[in-house]
Amino acid sequence: MNTKAQEAKGLGPADIGKLALALVVLVAGIVGFYYFSDNPSVPSFARVVGVIVAVVAAMAIGAFTVPGRKLRGFVAESQFELRKVVWPSRDETLKTTGIIMVVVVILSLLMGLIDWLLKSLVLDWLLKLGH
């Protein structure tokens, strides 16, 4: 049983409003990017920065909703689990990669041999029996 407090299910009106505001901010950033594309006084760098600011602002607004809090919790738990992973050393990685490459070459040669044998059997031997 999970000891965490149960959160309310569904989105409340405040969360819907926040998500709508985040969507408006994001759309405004994208529309602004294209709206100012024909204006030579606005450099493209400023347009790109405007879109990045809009995306960051929309994410910040969305982070304070129920789904945003759930996502932040998921990311935090994922980072905690990643600390538990035992990563292989460079030597282990190189040896494993070498073994996999050798196995792939051997299996490719075996598959090619089987293909050649079946082709020879069907095309050269069985089809010549009919003539």
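1. Patches are made of residues with over 30% relative accessible area and no salt bridge, where like charges are joined within 9 Å and nonpolar side chains (Val, Leu, Ile, Met, Phe, Trp, Tyr) within 5 Å. A salt bridge is a side-chain nitrogen of Lys or Arg within 4 Å of a carboxyl oxygen of Asp or Glu. Accessible areas come from the Shrake-Rupley method with a 1.4 Å probe, and for residues only the protein chains shown count as cover. A nonpolar surface patch is formed by Ile-99, Val-102, Val-103, Ile-106, Leu-107, Leu-110, Leu-113, Trp-116 and Leu-117, with about 870 Å² of accessible area together.

2. The model is predicted: local features need pLDDT of at least 70 and side-chain atom pairs count only at pLDDT 80 or more, while totals for chains, interfaces and linings use all residues. Residues are numbered from 1 along each chain as its sequence is written, and side-chain values use heavy atoms, with hydrogens and water left out.

3. Leu-117 is placed in helix H4, residues 90–129 (helices, H or I of at least four residues, and strands, E of at least two, are DSSP runs numbered from the N terminus). Leu-117 counts as partly exposed at 47% relative accessibility (buried is under 20% relative accessible area, exposed over 50%, partly exposed in between, with a 1.4 Å probe and protein chains only).

4. The count of salt bridges comes to 2. In helix H4, Lys-95 and Asp-91 lie 4 residues apart, about one turn of the helix, and their closest N and O atoms are 3.3 Å apart. Lys-95 is exposed at 53%, whereas Asp-91 is partly exposed at 46%. In helix H3 (residues 66–84), Lys-84 and Glu-81 are 3 residues apart; the closest N and O atoms of this salt bridge are 3.4 Å apart.

5. There are 2 aromatic pairs (ring centres of Phe, Tyr and Trp, the last by its six-membered ring, within 6.5 Å; planes under 30 degrees apart are stacked, over 60 edge-to-face, the rest tilted). Phe-33 and Tyr-34 have ring centres 5.1 Å apart and planes at 90°, so this pair is edge-to-face. Tyr-35 and Phe-36 also form an edge-to-face pair, with 5.1 Å between centres and 80° between planes.

6. The charged end of Arg-47 sits over the ring of Phe-33, 4.1 Å from its centre (NZ of Lys or CZ of Arg within 6 Å of the ring centre and within 35 degrees of the ring normal).
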